[in-house]
Amino acid sequence: KTREDIRNIAIIAHVDHGKTTLVNELLKQSDTLPEHMHLEDRALDSNAIERERGITILSKNTAVQYGKTKINILDTPGHADFGGEVERIMKMVDGVLLVVDAYEGTMPQTRFVLKKALEQHLTPIVVINKIDRPGARPEEVVDEVLELFIELGADDEQLEFPVVYTSAVNGTSSLDSDPATQEHTMNYLFDTIVKTIPAPLDNSDEPLQFQVAMLDYNDYVGRIGIGRIFRGSIHLGDNVSVLKLDGTHKNFRVTKIFGFFGLKRVEVDSAKAGDLIAVSGMEDIFVGETVTPVDHPDALPILRIDEPTLQMTFLANDSPFAGQEGTEVTARKLEDRLKSQLHTDVSLRVEDTDLPSAWIVSGRGELHLSILVEEMRREGFELQLSRPEVIYKDIDGVTCEPFESVQIDTPNEYVGSVIDSMSQRKGEMKNMETTDNGQTRLTFLAPARGLIGYSTEFMSQTGGYGIMNHTFAKYLPVIKNWTPGRRTGALVSINQGTATTYSLQSVEDRGTLFVDAGVQVYEGMIVGESSREQDIGVNVTKGKNLTNTRAAGKDHAAAIRTPKSLSLEESIEFLNEDEYCEVTPKSIRLRKKIL
Ligand code: GDP
């Protein structure tokens, strides 16, 4: 038995290929009730950062009613830093729409999301949009899509993908690539969705299994878990058990269930297998947890959540360590802001430091963290940031660092310099393929440490034509005697509780510097990247007083300039270069620093 009244799909598109316009048009032409539409808030509309970066960051959902069928459409984030989230979205749906510009063709940024969809054996529908554009080349673009599917390992069934040609701005569609056949209706797309995307299984008589795939939060109802009912049904007043990831459980009475209608979330009394819903009132419900009847605690396999591999210290600008006069942002505000981000961003960690105004923020990658920083800056926060650092892990007594698998597409002429840079960054080349059109694809396994800061260099190195994607591969033993080169910038404030001052000796450009005071060494550093060697620097505290030697550097506001050599006092030691120290957030005994 299936639920013919529901289809759950995800939408994949390169930014600007018309996803928002298309979903709006689907809404407009649908039977969705007007009060759920609110077309002035455009469906899926991307924020400014998404536009600038050319990727979708926030996942959003829209539900469109077509005749008797409700079509839930989930947007997908478009970057490898959000791989876990993409995977979770793919688990909630039964098919995908791939929207491709009929003029521009396939764009590599969608490759990663598409791959995840194909891996989940989802049925894709290819929507060739902007068929009205002068120079549109719909048939060639369909061939490009086919090639991409083959390359990404699509199975035979997926290669038989249906194609719908649309002009989202004109509200027209057709099953034929000839623009003259366009009709003023989206029914060709609606019908293709209903016909080719599998309807969810209807096993609503069985015991409930609802799994949370995403979190949301609002001040009125608190934490909200969004996910799919895979089995059974849920009703207001039911007694349910939330099966936690650690094997424990918590019982609740269901007090609020939301369904998706148009662009709105509306309270409903019940929902059943196949439905996507949101629930609140279950306290700290988390991604991957399963909600079941109390007497049927049967958990679904947990969902992947990306582990953070990179961390940065965020420092409020009015902290004594920031050394900058005049600021409105208090440490408290910064803390609240960071902690509120945790309500919805499951791959983020925020840890207190021993300083009142500094937090260690860990995330999936440079993009993940830089988006948060950019959002906060746009909200008016003035921040000082450390350079990003990888998160080391102790695995079976061996200190390990994160490695990424890196895929690079570049015009042939830049291959040499890319390989050069990657090998300097300890990237190990795994594969190299040259295609007929003058492009080469290189794959590497590289330490995340080496990749920090590479994307900017890469863009100029390849004249803007290169495309780089990387995803977390695994933790491997730390590469010894190596510090990614050519960076300057340095520690740190060192503050022993007893107001003894420690300062650092000159910081070598390439050396790995360790501080072992054998006492509590507090951190809270400001480090910036600078293109100028002499912009290295140190912040040193004397009790609460700061000896600040910061000067604005070229690339980051946080670069520090210090005298070239600082005197070394008391029990700070330089350890052997190849020893790495673990930094535990609460008591930092050793504080390495580098650069
Ligand atoms: P998104 O970033 O994928 O959500 O793209 P949008 O829906 O915001 O569309 C990006 C731009 O393409 C906008 O200026 C749209 O007006 C335009 N656009 C969208 N669909 C079409 C179409 O079918 N034909 C043409 N010519 N332009 C379109």
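# Salt bridges, a charged patch and annotated sites

The structure holds 31 salt bridges. The model is a predicted one, and the positions described below are read from it.

Aspartate 298 pairs with arginine 231, and their closest N and O atoms are 3.4 Å apart. Aspartate 298 is partly exposed at 32% relative accessibility, whereas arginine 231 is buried, with a relative accessible area of 14%.

Glutamate 289 forms a salt bridge with lysine 244 at 3.0 Å between the closest N and O atoms. Here too distant parts of the chain are linked, 45 residues apart: glutamate 289 sits in the loop between strand 16 (276–280) and strand 17, and lysine 244 in the loop between strand 11 (239–243) and strand 12 (249–253). Glutamate 289 is buried, at 4% relative accessibility. Lysine 244 is also buried, with a relative accessible area of 15%.

Arginine 425 and glutamate 457 meet through their side chains in a salt bridge of 2.7 Å, N to O. The two residues are 32 residues apart and link distant parts of the chain, with arginine 425 in the loop between helix 10 (415–424) and strand 25 (428–434) and glutamate 457 in helix 12 (residues 454–461). Arginine 425 counts as buried because its relative accessible area of 13% is under 20%. Glutamate 457 is partly exposed, with a relative accessible area of 31%. Elsewhere, salt bridges that share partners join Lys244, Lys250, Glu283, Asp284 and Glu289 into one network.

| Glu289 and Lys244 | 3.0 Å | 45 residues |

Glutamate 283, a member of the salt-bridge network, has a positive phi of about 40° although it is not a glycine. Glutamate 283 is placed in the loop between strand 16 and strand 17 and is exposed, with a relative accessible area of 53%.

Lysine 426 also has a positive phi, near 65°, in a residue other than glycine. The loop between helix 10 and strand 25 holds lysine 426, which is partly exposed with a relative accessible area of 36%.

## A negative patch on the surface

Glu139, Asp143, Glu147, Asp176 and Asp178 gather on the surface in a patch of negative charge. One of these residues, aspartate 178, is found in the loop between strand 7 (172–174) and helix 7 (187–196). Aspartate 178 is partly exposed, and its relative accessible area is 37%.

## Positions annotated in UniProt

An unreviewed UniProt entry carries the annotation "binding site" for Asp16, His17, Gly18, Lys19, Thr20, Thr21, Asn129, Lys130, Ile131 and Asp132. Among them, lysine 19 is in helix 1 (residues 19–28) and is buried, with a relative accessible area of 9%. Isoleucine 131 lies in the loop between strand 5 (123–129) and helix 5 (138–151), and at 3% relative accessibility isoleucine 131 counts as buried.

Technical notes
Residues numbered from 1 in each chain as written. Predicted model: local features only at pLDDT ≥ 70, side-chain atom pairs only at ≥ 80, totals over all residues. Heavy atoms only, no water. Patch = residues over 30% accessible without salt bridge, like charges linked within 9 Å, V, L, I, M, F, W, Y side chains within 5 Å. Areas by Shrake-Rupley, 256 points an atom, 1.4 Å probe, with all protein chains shown as cover. Salt bridge = Lys/Arg side-chain N within 4 Å of Asp/Glu carboxyl O. Lys, Arg positive; Asp, Glu negative; His and termini not counted. Charge placed at Lys NZ, Arg CZ, Asp CG, Glu CD. Helix = DSSP H or I, 4+ residues; strand = E, 2+ residues; numbered from the N terminus. Buried < 20%, exposed > 50% of the residue type's maximum accessible area, 1.4 Å probe, protein only. UniProt positions renumbered as here; feature names shortened; annotations may be inferred.
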